[in-house]
Amino acid sequence: MDDYLMADRLVCRLCGADEVTFFHADDTREYYRCRECKLVFVPQQFWLSAKKEKAEYDLHQNSEDDSGYRKFLSRLSGPVISRLNAGAHGLDFGCGPGSPLAKLFAEQGFSVELYDPLYRNEPSLLEKQYDFICATEVAEHFKEPGKEFQSLFGMLKHGGLLGIMTKRVLGLQAFRNWHYIRDSTHVSFFSEETFDYLANQYNAELSVEGNDVVLFNRQ
């Protein structure tokens with residue numbers, strides 16, 4: 001039985017609340033929304049198999065020398081770097097097979113560890129503490145966002161920064177026509193209200209940086 005089913009009712013995969021309501025359906029999947037933390041998520045029966053999911057990831061080609069992609073990533077790296085002290089050490093969580101993001105930080109004198117559950121699975125890295133952690137285009141893939149964010153905040157030093165890049169839910173009408181939900185590997189969708197919930201849950205100061213970047217400063 002799915003751990004997130006309670007008395008035939010879906011339970012939120014972020015906060016565990018059972019106040020979950022139907023939000024939208026398209027030709028391939030259903031989407032539900034939590035009334036407590038406002039997470040929109042795809043139930044487990046609509047997830048891709050691990051093999052099919054990795055095959056989708058293998059199609060991504062993001063070179064560290066691609067100027068367009070570097071500019072895209074700088075929307076996250078720029079605000080993080082501007083807040084770091086000299087010598088800060090970070091983690092690129094969900095980096096994929098390579099890490100253009102780590103190169104951006106290295107060019108500014110900051111060292112970054114690389115972790116990815118599929119491509120760079122080194123569990124020892126998840127036992128360390130970091131001055132900053134970045135997750136770019138990763139959170140939308142979280143199947144268990146409650147556990148993932150608990151891990152991320154647990155690795156963050158007090159005063160540290162967690163940077164998340166993911167596009168945000170703006171409302172039902174926009175969601176229905178949103179290209180973001182067409183990617184079958186995207187299963188969790190966050191609104192600003194969801195990030196407010198996380199900030200309160202983990203005693204962090206939230207900073208919204210544009211339409212797809214947020215920073216958490218752990219207090």
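Is Arg35 buried or exposed? Arg35 counts as exposed, at 53% relative accessibility (buried means under 20% relative accessible area, exposed over 50%, partly exposed in between, with a 1.4 Å probe and protein chains only).

A quick note before the views: this is a predicted model, where local features need pLDDT of at least 70, side-chain atom pairs count only at pLDDT 80 or more, and totals for chains, interfaces and linings use all residues. Residues are numbered from 1 along each chain as its sequence is written, and side-chain values use heavy atoms, with hydrogens and water left out.

**View 1. Glu19 and Arg35 form a salt bridge.** Their side chains meet at 3.4 Å, N to O (a salt bridge is a side-chain nitrogen of Lys or Arg within 4 Å of a carboxyl oxygen of Asp or Glu). Glu19 sits in the loop between β2 (9-10) and β3 (20-25), and Arg35, 16 residues apart from it, in the loop between β4 (30-34) and β5 (40-41) (strands are DSSP runs of E, at least two residues, and helices are runs of H or I, at least four, numbered from the N terminus). Glu19 is partly exposed, at 35%.

**View 2. Lys157 pairs up with Asp131.** This salt bridge comes in at 3.4 Å, N to O. Lys157 lies in strand β9 (residues 156-165) and Asp131 in strand β8 (residues 130-136), so the pair ties together parts 26 residues apart in sequence.

**View 3. Asp212 meets Lys167 in a salt bridge.** Here the N to O distance is 4.0 Å. Asp212 is buried, at 2% relative accessible area, while Lys167 is partly exposed, at 27%. Arg75 joins these two residues in a network of salt bridges.
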